[in-house]
Amino acid sequence: MRILDWQELDEIGRGAALARPTQEMRATVAASVRDIVAHVRREGDPALAHYTERFDGVRLEQFAVSAREFAAARAAISARHVEALERAIENVQTFHAAQLPQPLELETMPGVRCERIVRAISPVGLYVPAGSAPLPSTVVMLAVPARLAGCSRRVLCTPPDSDGAAHPAVLVAAQLCSVDTVFKVGGAQAIAALAYGTQSVPKVAKIFGPGNAWVTAAKQFVAADPEGAACDLPAGPSEVLVLADEMARADFVAADLLAQAEHDAQAQAVLVTTSRALAETVLRELGVQCRTLTRQGILAHSLAASRCIVVPDLTVGVAVVNRYAPEHLILAVREPRRWLGQIDSAGSIFLGEWTPEPMGDYCSGTNHVLPTYGYARAYSGLSTLDFIKRITVQELSREGLQALGPVASALAELEGLDAHACAVERRLAVLSSTAR
């Protein structure tokens with residue numbers, strides 16, 4: 001992990017310092033994803049079997065998880081882990097239930113009534129990556145808001161292991177969240193299956209969930225196709241930025257960086273600090289703490305693409321944060337709330353030294369499906385609102401149309417759309433004649 005001085009970098013150097021490691025491979029990934037999606041769309045289950053064998057190393061005759069597999073999964077998970085999942089579900093449900101919108105109904109003027117009604121999206125596809133680690137927490141983050149929103153059909157896809165099984169913790173989490181339709185399919189091929197449907201996997205209206213660069217590219221690809229499926233947000237390889245001053249604890253900062261860097265080789269950890277001494281101490285701590293961790297191969301790759309940036313003060317540090325737009329932002333500074341109002345772009349923010357990022361990953365109640373690649377400049381993290389449609393309704397009385405109709409007619413005339421004007425004026429003429 002390199003230490004860079006922000007003030008010594010030119011604009012090109014600053015851009016390079018904040019570049020994501022996966023950006024270089026996007027063109028290659030996009031080409032591969034197009035081929036995979038086209039193959040699955042054309043052939044369905046046989047294509048899924050081909051890619052599952054190719055990428056996951058297992059040949060499956062059936063993709064759906066059976067009742068027997070669900071039962072075996074529950075027997076394989078300890079009571080302690082089930083209790084932890086239940087507590088996480090409770091907190092996520094509490095926070096996400098508060099996000100449900102209330103019905104909206106009002107008169108904008110006498111005789112003109114406007115409403116907003118809410119309808120759940122259904123069916124929805126929930127993608128839970130596996131990779132080098134199972135992610136039952138992602139099941140919770142997707143399935144709880146889907147259930148709260150009222151999505152009547154929830155279809156979950158997750159990659160199989162080398163034995164052809166879904167991870168027991170993922171299946172248990174699915175059961176606890178009332179999801180009983182699970183398919184052992186991963187990667188871009190799972191996204192294609194959900195978007196277009198196969199002989200086994202039903203087509204859905206919208207796909208949710210994080211994944212690697214291939215999954216993210218596939219989601220964006222099918223979302224651009226009117227016959228595909230919408231997607232939630234660009235949520236790819238994990239990333240964290242820690243903004244720290246000289247009072248931050250180096251061991252805490254190092255632990256926070258490692259917590260995200262261990263996700264996969266494309267993950268990125270960035271430290272922005274006002275203290276070069278802290279930066280040097282954190283680097284030493286990284287070496288010490290790495291030796292005690294199990295995922296050293298992954299950490300070797302991800303830390304190579306990570307960096308530490310020294311800034312002259314926290315004002316510049318906040319500007320770097322907003323430019324990078326991290327998925328996770330940790331404010332390891334004095335009075336972190338003082339700086340909160342200046343943060344414009346971040347997926348989720350963690351305030352102070354007693355708020356490690358894994359609390360948001362697992363159980364505080366916020367959602368861990370967040371925008372990466374800098375998309376936090378324009379996207380928000382997943383919420384209950386992403387699982388619903390908000391439909392507007394309007395109703396005008398005779399008096400309302402008489403009062404407001406001429407405004408619509410004038411605006412239609414301004415835009416040169418005479419059919420628009422006629423749709424209004426024809427009614428106004430009828431009202432005028434009946435009034436006489």
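The model is a predicted one. The protein chain contains 17 helices and 14 strands, and its C-alpha atoms fill a box of roughly 90 × 60 × 45 Å when taken along the principal axes. Of its 436 residues, 49% count as buried. Among the contacts in the chain with a separation of 6 or more, 76% are accounted for by residues 24 or more positions apart.

**The antiparallel pairings**

- Strand 2 (residues 104-109) and strand 3 (residues 112-120) run antiparallel and are joined by 5 bridges, with Val112 in strand 3 as the bridge partner of Met109.
- These two strands, strand 2 and strand 3, form a hairpin with 2 residues between them, and in the turn Gly111 has a positive phi of about 85°.
- Strand 3 also pairs with strand 14 (residues 388-396), in the antiparallel sense and over 9 bridges; here the bridge partner of Arg119 is Lys389 in strand 14.
- In general, strands of a sheet pair through backbone hydrogen bonds, either parallel or antiparallel.

**Helix packing**

- Two packed helices are described by the angle between their axes and the distance between the axes.
- Helix 2 (residues 26-43) packs with helix 8 at an angle of about 45°, and their axes are 9 Å apart; that angle makes helix 2 oblique to helix 8.
- The crossing of helix 2 and helix 8 is right-handed, and the contact is made by Val33, Ile36, Val37, Val40 and Arg41 on helix 2, together with Ala188, Gln189, Ala192, Ala193 and Tyr196 on helix 8.
- Sorted by class, the residues of the contact of helix 2 with helix 8 are 8 nonpolar, 1 polar and 1 charged.
- Helix 10 (residues 250-261) and helix 11 (residues 276-290) pack at an angle of about 60° with their axes 8 Å apart, and they are therefore oblique to each other.
- The crossing of helix 10 and helix 11 is right-handed, and the residues that make the contact include Val253, Ala254, Leu257 and Leu258 of helix 10 and Leu278, Val282, Glu285 and Leu286 of helix 11.
- By class, the contact of helix 10 with helix 11 has 10 nonpolar, 2 polar and 2 charged residues.

- Ser137 lies in helix 6 (residues 136-149) and is buried, with a relative accessible area of 9%; not counting residues up to four places away in sequence, Ser137 touches Asp361, Tyr362 and His368.
- Ile309 lies in strand 11 (residues 307-310) and is buried, with a relative accessible area of 0%.
- Leaving aside its neighbours within four places in sequence, Ile309 is in contact with Leu4, Trp6, Ala17, Leu18, Val270, Leu271, Val272 and Thr273. Ile309 and Gln7 are 302 residues apart in sequence, and in space they are 9.6 Å apart, C-alpha to C-alpha.
- Ala376 is found in the loop between helix 15 (358-362) and strand 14, and Ala376 is buried, with a relative accessible area of 5%.
- Leaving aside its neighbours within four places in sequence, Ala376 is in contact with Ala325, Pro326, Ser345, Ala346, Gly347 and Pro371. For Ala376 and Ala325 the C-alpha to C-alpha distance is 5.4 Å, while they are 51 residues apart in sequence.

Definitions and conventions
Residues numbered from 1 in each chain as written. Predicted model: local features only at pLDDT ≥ 70, side-chain atom pairs only at ≥ 80, totals over all residues. Heavy atoms only, no water. Axes fitted to C-alpha atoms, helices over the stretch in contact; angles between N-to-C directions. Helix = DSSP H or I, 4+ residues; strand = E, 2+ residues; numbered from the N terminus. Parallel < 35°, antiparallel > 145°, perpendicular 65-115°, else oblique. Left-handed = near helix turned anticlockwise from the far one by under 90°. Contact = heavy atoms within 4.5 Å. Nonpolar A, V, L, I, M, F, W, Y, C, P; charged D, E, K, R; others polar. Pairing = 2+ DSSP bridges. Buried < 20%, exposed > 50% of the residue type's maximum accessible area, 1.4 Å probe, protein only.
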